[in-house]
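Below is a short briefing for someone meeting this structure for the first time. Please look over the sequence and the model before reading the notes that follow.

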Amino acid sequence: MALSIIPMIIFFVFVGAHLFGEYLIIKENKDGMKIRYITKPFLIPLLGLFYITGNSAINWWLVAGLVGGFGGDVCLMIPDPNNTKKFFRIGLISFLLGHVFYIIAFIVAADGFQNYKFWSFLLTLPYMVIGALVFPRLTKHTGKMTKAVTIYLVVIVLMGVSTSFLWGIGDPGGIILAMIGALIFIISDTINAFNKFASPIPYERLYTMSTYLIGQFLIILGFLLALHI
């Protein structure tokens, strides 16, 4: 299977436009919000199209993971003038389910772990180290959301760990890309969480969205390269 170049190009065009919109919002340019609302709903669907197009062995759990990301993106776009965090909570659940579906996707791809390379577990230490460092520093700011944030943190670390399940059944280059993507995804959520609960981070939306989209893309690209090309 050849990579679907056209959906990939369109995806990155939307990524560039979206990040430009986020920059305009930071600079208090009213056009930035329009660009955000036009581009953001298409980002993850375009990535899904990149994965599905020309792929004869679709892992639908991976697609479900993308749907979870899409749902989270949409929920976080909804204005919350009264700061109820209602849609933030729904978005958190959607992202959480997305990570769970990714974990299942990697388990399914492992096909019983007959060929799993147990040494690869050592490569997952960065996920666990980040989780251990972030947990005490973040949860002291989360208040009533501490339980939900703790569950989310555990799940996203496990998502990162689960990428190692591909070792022994796929191309190493693709697996490494997927593992790097998961690590970048964790960094994205960490930046977003500290901005949300601890203290504002200058240019946070640019950092969060760029790492989020790069992480998602590398997970999907890595999966494709590891198992289907």
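**The loop between α4 and α5**

D111 lies in the loop between α4 and α5, where helices are DSSP runs of H or I with at least four residues, and strands are runs of E with at least two, numbered from the N terminus. This is a predicted model, in which local features need pLDDT of at least 70 and side-chain atom pairs count only at pLDDT 80 or more, while totals for chains, interfaces and linings use all residues. Residues are numbered from 1 along each chain as its sequence is written, and side-chain values use heavy atoms, with hydrogens and water left out.

**Loop residues**

- D111 has a phi near 55°, a positive value in a residue other than glycine, and D111 is exposed at a relative accessible area of 53% (buried means under 20%, exposed over 50% and partly exposed in between, with a 1.4 Å probe and protein chains only).
- F113, which is also placed in the loop between α4 and α5, has a positive phi of about 65° although it is not a glycine, and F113 counts as partly exposed at 30% relative accessibility.
- Most residues other than glycine have a negative phi.

**Helix α2**

- The 22 residues of helix α2 (residues 31–52) should span 32 Å at 1.5 Å a residue, and the end C-alpha atoms are 33 Å apart, which agrees; the expected span is 1.5 Å times one less than the number of residues.
- A kink of about 35° lies at L43 in α2, shortly before the proline P45, the bend being the angle between axes fitted to the seven residues ending at a residue and the seven starting there.
- Buried residues of α2, including G32, R36, L43 and Y51, belong to a set that packs against α1 (5–26), α3 (60–77) and α8 (204–227), with contact meaning heavy atoms within 4.5 Å.

**Salt bridges**

- The count comes to four salt bridges, each being a side-chain nitrogen of Lys or Arg within 4 Å of a carboxyl oxygen of Asp or Glu.
- E22 forms a salt bridge with R205, with the closest N and O atoms 3.9 Å apart; this pair links distant parts of the chain, E22 in helix α1 and R205 in helix α8, 183 residues apart.
- E22 and R205 are both buried.
- R205 also forms a salt bridge with E204, the closest N and O atoms being 3.8 Å apart, and salt bridges that share partners join E22, R36, E204 and R205 into one network.
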